[in-house]
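Reader: Before we look at how the helices pack, could you walk me through this model with care, one point at a time?

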Amino acid sequence: MENIAQYIDHTILNADATDADVQRICLEAKEYQFKTVCIQPFWVNYAKDLLAGTDVGITTVIGFPLGANTTEIKVAEAELAVAQGVSDVDMVINIGALKSEDYTSVANDIQAVVDAVAGRAIVKVIIETSLLSKNEKIRASEIAKQAGADFVKTSTGFSTGGATLDDVRLMRATVGPEMGVKASGGVRSYEDAVAMIEAGATRIGASSGISIVEGAAKAEE
């Protein structure tokens with residue numbers, strides 16, 4: 001698959017990630033020309049310096065990993081991240097509100113973040129598929145689309161499961177062709193990544209980006 005690196009948000013979100021770990025991720029992203037690095041908000045300024053003068057974007061996470069922060073906090077996080085220079089914000093929905101069928105709160109939460117960074121950053125909405133029923137996945141994806149988000153994203157990688165082909169297909173079918181779908185959590189090989197892309201993913205969140213790119217090179221030999 002041509003230029004698979006441009007599908008990848010090269011990710012390190014571990015609580016115990018150090019400055020050396022973040023530096024490694026950024027240097028790898030520069031070398032392999034990944035789309036973005038995906039890092040915790042604390043590291044954004046550090047990564048910005050490391051990636052200056054490159055085409056590698058910076059993704060950070062909002063309301064992560066549980067999604068239960070108040071909307072005001074999510075908006076403040078997103079605004080600060082954009083002021084610091086991120087290209088993408090990946091926000092977690094209010095999962096409990098969704099499961100309570102409080103769709104107005106879910107929609108307002110997403111809409112507030114979308115409005116806060118409109119025209120300045122891509123918004124990806126993490127719906128945490130492993131915790132949702134099929135109908136909840138559909139409803140969450142519909143709400144994210146209606147709120148004007150750029151992507152729906154499967155998972156934080158910190159819950160009970162990651163991306164599945166069935167979930168990616170369902171999300172793609174729900175949001176249609178014009179919205180992004182990010183598969184995140186458990187995508188570890190070139191074969192995994194290709195399967196997700198064929199299922200409808202337009203972005204891959206992975207800590208195994210190098211393995212994916214090296215697998216692509218071997219497949220072309």
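Author: Axes here are lines fitted to C-alpha atoms, for helices over the stretch in contact, and angles run from 0 to 180 degrees between N-to-C directions. Please keep in mind that this is a predicted model.

Reader: At what angle do helix α5 and helix α6 pack, and what is that arrangement called?

Author: Helix α5 covers residues 103–117 and helix α6 covers residues 134–146, and their axes lie 9 Å apart at an angle of about 45 degrees. Angles under 35 degrees count as roughly parallel and those of 65 to 115 as roughly perpendicular, so with that angle α5 is, relative to α6, oblique.

Reader: Which residues make this contact, and how many of them are nonpolar?

Author: From α5 come Tyr103, Val106, Ala107, Ile110 and Gln111, while α6 brings Arg139, Ile143, Ala144 and Gln146. Of the residues in this contact, one is charged and two are polar, and the number that are nonpolar is six.

Reader: Which residues have the most contacts inside the largest nonpolar core?

Author: That core has 75 residues.

Reader: What covers the buried residues of α7?

Author: Helix α7 spans residues 165–175, and its buried residues are Asp167, Val168, Leu170, Met171, Arg172 and Val175. Just after this helix, Gly176 takes a positive phi of about 80 degrees. The cover over the buried residues of α7 includes α6, β6 (151–153), β7 (180–184) and α8 (190–199).

Definitions and conventions
Residues numbered from 1 in each chain as written. Predicted model: local features only at pLDDT ≥ 70, side-chain atom pairs only at ≥ 80, totals over all residues. Heavy atoms only, no water. Core = buried A, V, L, I, M, F, W, Y, C linked by side-chain atoms within 4.5 Å. Buried < 20%, exposed > 50% of the residue type's maximum accessible area, 1.4 Å probe, protein only. Helix = DSSP H or I, 4+ residues; strand = E, 2+ residues; numbered from the N terminus. Parallel < 35°, antiparallel > 145°, perpendicular 65-115°, else oblique. Contact = heavy atoms within 4.5 Å. Nonpolar A, V, L, I, M, F, W, Y, C, P; charged D, E, K, R; others polar.
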